[in-house]
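Take the topics one at a time.

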Amino acid sequence: MTQTHANLDTHSPDVAPEEWSAQHSSKLYGVRDWGTDYFDISADGNAVVSLQFGEKTIHVPLIDIVNGMKERGLDMPAVLRIENLLDLRITQLNEAFARAIKTAGYKNDYRGVFPIKVNQQCHVIEEIADYGRRYHHGLEAGSKAELIIAISQLRDHDSLIICNGYKDEEFIELGLYARQMGIKCFFVLETATELTTILERSKALGIEPLIGMRIRLASTVEGHWNGDSGDRSIFGLSTNALLEVVEQLKKADMLHCLQLLHSHLGSQIPNIRNIRSGVMEACRFYTGLIEEGAPMGYMDLGGGLAVDYEGARSNSTHSMNYGLDEYCYNIIETLQECLDPLDIEHPVVITESGRALIAYSSMLLFNVLEVRDHKPGTIPEIVPDDSPDMLVNLYAVLNNVKLQNLQECYNDAIYYRDELRELFHHGQATLRERALAENVSLAILEKISELLPQAR
């Protein structure tokens with residue numbers, strides 16, 4: 001890390017080499033932006049992770065963790081997981097929704113579920129089930145294997161299991177047995193044909209299912225995964241298919257089993273306006289199902305809570321223009337605005353945040369194999385005979401760098417270097433001449449960097 005910082009000092013236009021500090025490094029890498037409150041650069045130049053223990057916050061240098069690994073005979077590369085951060089993210093998500101619910105006077109609860117497909121490692125799921133128990137944080141399963149994991153890990157029957165994805169008879173029977181055990185296990189219909197199998201197995205086993213429907217919203221979202229949204233989304237029921245399911249449930253006298261509406265707005269949603277508009281549209285479907293006679297009671301808004309990988313706080317693809325509290329409050333407020341005028345009871349709010357829970361809790365550690373210093377190589381004192389004019393000009397610039405002409409020398413160095421590269425490209429300059437030109441231009445930039453502090 002020290003070598004890396006040292007190599008950056010001659011490339012900062014605002015800070016002289018002798019003035020470079022750990023704070024400059026933190027700013028250069030944007031650690032305090034993308035690292036939120038979890039990562040930072042300490043005053044002595046170490047990358048640190050910040051952990052909370054009660055009301056106390058401690059800062060642990062990553063190099064201390066690496067040294068501890070080596071003492072135990074472990075070496076890099078290695079994936080480091082910080083379970084305290086996983087615990088903290090679960091706490092922050094649930095308490096942010098609790099604050100929004102209390103502030104807005106919302107008359108129901110929040111229940112989070114973690115999509116197992118995001119990280120199926122045993123220790124991760126065990127920690128989420130353990131840390132999430134006090135908040136009744138559940139799990140989302142998209143396969144039989146994941147459903148078995150969910151049933152085996154959840155000890156709290158106020159937690160939810162949300163079953164998405166394709167469901168065959170074995171999957172459905174497994175979920176029905178979970179219902180018999182007292183677990184709130186919802187089958188979310190992805191297609192209308194799934195309902196027939198659910199009704200058949202329910203009748204055969206004598207166990208009533210909890211049913212949800214995933215609807216395909218017309219609302220589109222921004223970001224890399226916007227293909228999950230809008231009319232062209234491959235997930236969810238169309239409006240017509242939704243009504244077919246309602247009619248099928250009415251004929252089977254099981255419309256009372258339909259209690260959940262699922263609408264996945266999209267993954268890594270950078271713009272809060274997309275979330276708000278998606279919730280508004282979902283509310284219209286929710287009220288429509290109540291008008292059809294379904295009791296409802298649960299609104300699952302899927303994933304979408306973004307991670308600000310860039311730390312830019314913008315609506316670019318890998319960022320987000322909102323904070324956690326704003327996200328929660330927008331969802332709660334929008335539900336109230338849509339449902340209160342119709343005197344519809346507030347549903348239990350469910351979200352399926354995956355990346356937002358675990359992204360900060362693990363990192364890849366690896367050794368630095370080599371450091372590129374961008375220092376100029378050896379430069380002959382006199383320009384070699386028969387050198388191209390561009391190389392001769394670069395030597396002239398190198399010998400004429402002064403405080404009064406820094407900008408001019410910079411412009412000339414870049415111009416003559418690029419012109420010689422063009423000559424090389426067309427076979428009019430040799431490999432050695434190109435190498436020398438690049439070394440001389442670096443030497444010019446180094447001289448400019450040394451004089452810059454005096455130009456302020």
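V79, L364 and F366 form a nonpolar surface patch of about 350 Å². This is a predicted model: local features need pLDDT of at least 70, side-chain atom pairs count only at pLDDT 80 or more, and totals for chains, interfaces and linings use all residues. Numbering starts from 1 along each chain as its sequence is written, and side-chain values use heavy atoms, without hydrogens and water.

**Surface patch**
- Patch residues have over 30% relative accessible area and no salt bridge; nonpolar side chains are joined within 5 Å, like charges within 9 Å.
- A salt bridge is a Lys or Arg side-chain nitrogen within 4 Å of a carboxyl oxygen of Asp or Glu.
- Areas come from the Shrake-Rupley method with a 1.4 Å probe.
- V79 sits in strand β4 (residues 78-81); strands are DSSP runs (E) of at least two residues, helices (H or I) of at least four.
- V79 counts as exposed because its relative accessibility is 61% (exposed is over 50%, buried under 20%, partly exposed in between).

**Cavity**
- The whole structure holds two cavities of 30 Å³ or more.
- On a 1 Å grid, a cavity is where a 1.4 Å probe fits but cannot get out, and lining residues have an atom within 4 Å of a point.
- The second largest cavity has a volume of about 40 Å³.
- Its lining includes L265, I269, Y327 and I331.
- Helices α11 (272-291) and α12 (324-339) each give two or more residues to that lining.

**Pocket**
- A pocket is an open set with protein on both sides within 12 Å along at least five of seven lines.
- The second largest pocket has a volume of about 480 Å³.
- Of its 25 lining residues, P115, K117, V118, H264 and S267 lie nearest its centre.

Conventions. Buried < 20%, exposed > 50% of the residue type's maximum accessible area, 1.4 Å probe, protein only. Points joined across faces, edges and corners; volume = space filled by probe spheres on them.
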